[in-house]
Amino acid sequence: MKRQIPLLLVLVFGIFMIFQYFVPHESSEWIYEFFLDWIYIIGIFALALGIWSLIRVSYDKIKYKKPNWQYAVITLAGLFAMILFGFDYGRHFFSAEGLSNYMFRAFFDYILIPIQATMFSLLAFFIASAAYRAFRARSLLATLLLVSALVVMLRFNPYFGPIGPYLEQTASWLLNVPNLAAKRAIIIGIGLGMVATALKVILGIERAYLGKD
Amino acid sequence: MNIFDRMMSLDRRWVFLFVALVCVITYLIPFSIKINITPEVKSIYDHVESLKAGDYILLAIDYDPNALAELHPMTYAIAEQAFRKELKVIFVTLSQNGPGMADQAIRDISDSLRLEKTYNGITYPARQLINGKDYVFLGYKPYPALVILGMGQNFRLPFPSDYYGTPLDSIPMMKGVLNYDQIKCVIDFAAGNVADMWISYGQGRYNFPLALGMTGVMGADYYPYLNSGQVFGLMGGLLGAAQYESLADNPGPAIDGMRIQLYAHIVIILFILMGNIGFLVTRRKKQV
Amino acid sequence: MKFKMLLALILLCFVSAVSGFGQSAEEIMALPDSMAMAPPAPPSNVRGVDTDNDHGHSITLTWETSPDDGAGLNNVIGYKVFRAESPDGPFIERALIPSGGTGHIDVGAKEKDANDYLPDHVGFYYKVRAITADSLIYAESEVFGPVQSYGQWFNTGRVPVLVFVIFFLFVTLFFIQKAKGGANLFVRRLAGIEAVDEAIGRATEMGKPILYVLGLGTAADIATIASYTILGRVAKKVAEYQTGLIVPCYDPIVMTVAQETVKASYMDAGRPDAYYEDMVYFVTQSQFAYVAAVNGTMLRERPATNIYMGKFYAESLILAETGALAGSIQISGTDEIAQIPFFVVACDYTLIGEELYAASAYLGREPLLLGSLKAQDYAKAAAIIIAIIGFITMNFGIEAFKHLFYVSN
Amino acid sequence: MQEMSIGTFLWTTLGAFLTLCIFSFLYRDNPFYKLAEHLVVGVSAGYFVIILWHNGLQPNLFNRLNDGNFYLLWLNSAAPWYMIPALLGVMMWTRFSRKWSWISRWPIAMYMGIAAGVAVPLEMKNRVNLQIYSAMTDIDWGNFFGGSLINSASGLSQLIIFLGTIAALFYFFFSKEHTGVFKGLARFGIWILMVGFGASFGYTVMGRISLFVQRIQYVGDWTKVAWSGISGTYTLVWFITFGIFALLAVYEFIQFMARRKKEA
């Protein structure tokens with residue numbers, strides 16, 4: 001009961017959706033769209049579980065005075081403040097006007113955006129340190145990786161005089177030829193792996209996600 | 001620990017520091033760098049340079065704010081060059097958010113023209129751009145393919161009046177200018193498939209010289225048209241824009257951007273080389 | 001509505017342009033000959049059929065171009081397609097095709113209250129007008145009709161996909177049967193996967209936890225599903241060795257499923273008491289906020305091993321570099337092609353692409369999973385053979401073989 | 001420089017401060033990074049709650065079940081069958097209870113079934129059918145050498161793409177040991193993969209650098225505003241901000257010296 005019904009549901013819904021793909025008729029499309037809505041709505045309900053987990057972990061940190069517990073207070077404050085602003089302090093539960101609340105927008109523009117953009121921009125540094133650390137001519141494979149990356153990075157460097165244009169052409173050759181071949185092979189392999197995994201789920205061979213008992 | 005070991009196992013914070021310093025310094029201190037010029041960009045510059053005062057060119061501003069960083073520098077450099085040479089410029093846009101882009105470009109370039117400037121050793125006097133005498137901005141119309149075809153018959157068909165509402169017939173510089181036959185070249189700055197339409201419906205049908213400025217991602221796909229001679233020049237991305245700025249001796253945001261990129265790349269490459277020298281030397285020592 | 005307004009606008013422009021010429025005789029004099037033009041010949045042979053392989057509400061039209069399109073008078077700049085519910089009209093304009101066009105698919109909305117609703121099973125009449133730059137000069141084809149649209153129950157354009165899916169299903173079932181029968185299925189070793197075991201052992205020795213990141217995928221992403229199975233194996237080993245496990249999650253459903261998986265593994269290992277729910281916790285559903293939190297965890301908890309399996313985007317390198325800074329051993333696997341190079345560069349072991357999907361079978365060594373791995377290999381062999389045959393036939397000028405594999409939409 | 005109201009200036013100051021907090025992570029983990037990190041986690045989680053409520057639940061569920069009077073009188077609504085997903089959503093919440101949590105597997109199972117079922121034909125088409133189809137290229141034999149070895153459009157390059165794809169696929173075979181001819185092919189396959197990865201890595205560097213440049217601009221613009229106001233309105237704000245960073249520097253220096261002593 002606790003495992004059979006879920007496995008049956010996976011099988012039925014899975015097979016149905018596979019065949020749905022080959023039926024262009026309106027009624028089949030309607031069901032497809034309805035199901036996608038289901039998934040979306042289930043996902044939103046599940047967010048409550050996520051938020052509960054976040055609150056509980058933070059609360060435990062504060063309660064048991066775990067290391068850095070002070071910061072958990074900031075997390076909770078940020079969470080509740082944002083929810084409060086988003087409902088316009090409770091004035092707009094069922095209309096989207098809360099989204100235009102001044103504080104809600106200010107928090108978005110001046111806290112979320114700068115921090116996220118800055119996290120993203122850390123890549124400028126990490127791409128440099130990763131290149132320094134890992135691009136060593138240790139083996140033939142590592143050397144291929146290193147040389148190919150160097151050529152592409154040098155493609156617009158003006159300090160190579162007459163060989164500059166050749167460097168640029170080589171770089172575009174590397175991007176358009178071996179890179180394309182590598183990508184195509186990986187895509188085909190991934191496609192087959194995905195189909196195999198999805199079939200395993202539908203057939204109930206892969207069932208780790210259902211848990212036990 | 002000798003110097004080679006040190007070269008291999010540098011604290012990565014030195015890498016961070018150098019990258020940050022180089023970016024900040026190259027950002028703060030403007031200086032020009034040498035840019036490799038490719039023939040497909042140079043041919044656009046040469047074409048514009050070969051025109052005489054009073055010749056007409058058409059600039060199509062077919063991009064919106066998303067592609068501004070890459071395409072605006074091209075528009076600025078070419079329009080500045082054209083106006084300094086006293087060419088007459090017709091602006092048109094086939095992209096929905098294009099009018100804002102064109103409007104901004106025209107305003108900024110008129111400001112810049114009010115100053116006396118020297119490009120490639122030639123000093124150009126300050127001049128006041130006059131709408132309708134030096135340039136005309138036709139505005140935006142949907143259905144790019146039909147607009148391109150229609151302009152081949154007569155500009156007045158898709159655009160009876162310009163962007164500001166003046167009938168084309170009462171604009172002095174449009175007198176006797178009917179269609180592409182009176183235009184010396186069309187340069188399309190495109191961030192979408194409008195470029196294809198300029199190639200097949202414009203150049204393909206009316207056979208005028210066409211050059212393209214595109215985003216970096218798109219650029220590579222259009223080289224076949226260059227080989228087949230359908231377009232006489234091609235600029236791709238910030239790199240293409242920087243080449244044009246450098247040809248026109250008019251350093252702007254594209255060269256600024258390239259300068260930062262270039263030196264950041266050089267720093268990274270130097271670190272990679274340093275790591276490898278250290279690695280190779282220490283390995284040889286171990287083998288001995 | 002918008003569409004009609006735009007058309008009206010264009011029409012207006014064209015009309016005002018023409019009337020504008022009256023003001024100045026000089027301008028008319030200057031017009032090229034083609035402007036004072038004769039009307040072009042009309043397009044001919046207009047035909048319409050229901051569009052195949054769709055949900056209905058669409059009709060495919062074809063016609064032959066006007067003799068004056070690109071030749072003759074050479075003044076046709078495009079075609080306008082008109083539709084009506086009776087042969088006498090009223091006709092409404094449906095499309096504008098640049099010159100040279102010989103067809104159009106008239107797609108309407110399927111919702112009854114939409115502006116361009118095109119009902120199924122209703123007869124429609126079409127005509128095509130060759131237009132010139134001058135809106136007053138044009139030529140119309142004869143009216144064609146009636147033609148009806150309707151939806152299909154099978155998309156024949158997707159037959160190649162169906163064949164592939166059925167072939168694959170068949171091979172999978174075959175090998176699973178074989179595996180159940182006890183056949184010994186050989187699988188070569190994969191360094192990245194064997195490293196997982198080593199890494200868990202190392203964590204035990206160091207007395208430090210293992211950080212398992214499921215990536216930014218939702219529970220619906222196949223990469224995430226593959227990742228659960230790997231998480232299950234890792235959690236089981238972790239429970240056996242009594243090492244710590246940290247699983248920060250990005251998606252709440254993924255968190256729920258991961259909790260089930262880890263709990264089941266602890267039960268399998270006979271240590272349900274050691275399991276607690278907050279091993280697997282939710283962080284936030286925002287990419288870089290999530291990364292900020294995981295980065296902080298790495299530097300504070302100093303896990304011995306970081307495992308990244310699932311869907312990763314730009315954050316891949318941020319995570320992997322921070323992990324390397326914290327001195328952790330790192331094993332990664334993703335099907336996001338753009339991110340594989342970064343993992344290859346920054347991690348100790350990387351499962352490239354489909355190796356991620358093979359990993360669960362490897363770790364478990366369960367015959368059923370190995371069976372499906374075999375099926376994957378045979379499908380790959382089939383793909384290679386098809387590609388080679390197609391390549392050879394193409395270069396001998398035979399396109400028929402390649403066309404067998406054409407998927408129309 | 002555009003004019004800024006004092007309110008906007010204060011908010012921008014916060015943005016610039018948080019930007020620097022995140023950058024401080026490059027030096028090492030520190031209280032400022034922790035502050036920004038925990039703040040962004042809370043705020044972003046709250047942001048998603050609100051967005052999913054207003055832009056998700058409202059239009060996709062509530063409005064469909066709304067019959068015009070009251071949200072619960074859903075039977076008269078336009079789409080009463082939307083009670084099913086709502087019910088499934090509520091079933092997810094059984095996870096709050098230990099005893100009933102197994103019920104949550106039903107919606108999860110449907111979710112997985114739908115996801116897997118959609119993936120099978122779709123991934124087969126997009127990744128397998130289409131890629132094999134485009135791998136069957138017609139080589140441009142007339143332009144085989146294309147003038148130079150590094151011409152991407154030459155017939156030779158097309159041939160390399162095809163052979164590279166096949167060889168890389170060979171590399172991924174799991175059920176055969178890499179020996180003999182097979183070893184050679186797989187070897188060529190992994191070379192292609194590595195060259196491709198290197199090129200792709202090198203290509204991305206450019207875009208990443210410009211991300212950092214944008215952040216420099218953000219802080220730079222703020223500094224300009226602050227500087228222009230140093231003798232006027234913003235003096236106090238500017239000094240406070242400067243003071244915070246000065247204190248941070250001093251704190252770090254003391255810590256650093258202390259660690260030095262310890263190590264020595």
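A residue counts as buried if 20 or more other C-beta atoms lie within 10 Å of its own, as exposed if 12 or fewer do, and as partly exposed in between, with C-beta atoms placed from the backbone. The model is predicted: local features need pLDDT of at least 70 and side-chain atom pairs count only at pLDDT 80 or more, while totals for chains, interfaces and linings use all residues. Residues are numbered from 1 along each chain as its sequence is written, and chains are lettered from A and ligands numbered from 1 in the order in which they are written.

Of the 17 residues of H4(B), 14 are buried, so the helix is largely enclosed by the rest of the structure. Its end C-alpha atoms are 23 Å apart, which agrees with the 24 Å that 17 residues should span at 1.5 Å a residue; the expected span is 1.5 Å times one less than the number of residues. After H4(B) comes Glu86(B), with a positive phi near 60 degrees.

Chain B as a whole is divided into domain 1 (1-32 + 257-288) and domain 2 (34-250), with bounds that come from an automatic or database domain assignment. The C-alpha centres of these two domains of chain B lie 42 Å apart. Chain C is likewise divided, into domain 1 (32-147) and domain 2 (185-365), and the C-alpha centres of its two domains are 58 Å apart.

Chain A has 8 helices and 0 strands, in the pattern α-α-α-α-α-α-α-α along the sequence. Its radius of gyration is 26 Å, well over the 17 Å that the globule rule gives for 213 residues, so chain A is more spread out than a compact globule. The radius is taken over C-alpha atoms, and the rule is 2.2 Å times the number of residues to the power 0.38. The C-alpha trace of chain A spans about 70 × 50 × 40 Å along its principal axes. Of the 213 residues of chain A, 54% count as buried.

Two residues are in contact if their C-beta atoms, placed from the backbone, lie within 7 Å. By this criterion, 103 residues of chain A are in contact with 98 residues of chain D. H8(A) gives the most to the side of chain A that touches chain D, with 20 residues. The residues of that side divide into 83 nonpolar (Ala, Val, Leu, Ile, Met, Phe, Trp, Tyr, Cys and Pro), 16 polar (the others, Gly among them) and 4 charged (Asp, Glu, Lys and Arg).

A nonpolar core is a set of buried Ala, Val, Leu, Ile, Met, Phe, Trp, Tyr and Cys residues joined through C-beta atoms within 7 Å. The largest such core has 252 residues, and those with the most contacts inside it are Ala258(C) and Tyr111(D). H8(A) gives the most to this core, with 17 residues. Among the residues that Ala258(C) touches, not counting those up to four places away in sequence, are Leu214(C), Tyr228(C) and Val280(C). Apart from this core lies another, of 96 residues, including Ile90(B) and Tyr180(B).

Ser134(D), in helix H4 (residues 105-135) of chain D, is exposed, with 12 other C-beta atoms within 10 Å.

Key. Helix = DSSP H or I, 4+ residues; strand = E, 2+ residues; numbered from the N terminus.
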